[in-house]
Amino acid sequence: MKDPDFNYIGECEDIVKRLRAHNSGRGVEGTMKVNLQPFFIAAYITGFVQNSRAYRMQFETRVRNERDSLRDRTTVLNTLSAAEKVVSHHNSESRTSAISGMQLELLTFSYLINPL
């Protein structure tokens, strides 16, 4: 990790294509800095029933807000912790909604790095 104080939260339909874009300098402005490349995926979330971009962006905002509420929001571990907390809360809400007859949507949070 070139800069431990930098981490990026994003949403996409094709995670491999998105990572390639970021590492080639064709990603969003915040990931175009060569001194931060190459990027790697620390974790990802799957299982969205409503797979619209607007829905994924709303979820991304929830993760950002949770991360930003933390005292030291820049560390990768805090970002992962925030994402995991939002997924857990989402799954609890989804289980409650399913009891009321709404569609159950359980998300899976997967680490690709050892968080410890």
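**Close-up 1. F48 and F59 in the predicted model.** In this predicted model, F48 and F59 are both buried. Their ring centres are 5.2 Å apart and the ring planes stand at 80°, so the pair is edge-to-face. F48 sits in the loop between strand 1 (43-46) and helix 2 (53-68), while F59 belongs to helix 2, eleven residues apart.

Close-up 2. Two aromatic pairs occur in the structure. One of them joins F48 to Y55, edge-to-face, with 5.8 Å from centre to centre and 85° between the planes. F48 has a relative accessibility of 18% and therefore counts as buried, since the limit is under 20%. Y55 is buried as well, at 14%. F48, Y55 and F59 make up one aromatic cluster.

**Close-up 3. E11 and its two arginine partners.** Side chains of opposite charge can pair when their charged atoms come close. E11 forms a salt bridge with R53, at 2.7 Å from N to O. The two residues are 42 apart, E11 in the segment before helix 1 (15-24) and R53 in helix 2. E11 also forms a salt bridge with R56, at 2.8 Å from N to O. Because E11 precedes helix 1 and R56 lies in helix 2, this pair ties together parts 45 residues apart in sequence. E11 is buried at 9% relative accessible area and R56 is buried at 6%, whereas R53 is exposed at 51%.

**Close-up 4. The salt bridge of D68 and R67.** The closest N and O atoms of D68 and R67 are 3.1 Å apart. D68 is partly exposed, at 34% relative accessibility, but R67 is buried, at 11%. The structure has seven salt bridges.

Methods: Residues numbered from 1 in each chain as written. Predicted model: local features only at pLDDT ≥ 70, side-chain atom pairs only at ≥ 80, totals over all residues. Heavy atoms only, no water. Phe/Tyr/Trp six-rings, centres within 6.5 Å; stacked < 30°, edge-to-face > 60°. Buried < 20%, exposed > 50% of the residue type's maximum accessible area, 1.4 Å probe, protein only. Helix = DSSP H or I, 4+ residues; strand = E, 2+ residues; numbered from the N terminus. Salt bridge = Lys/Arg side-chain N within 4 Å of Asp/Glu carboxyl O.
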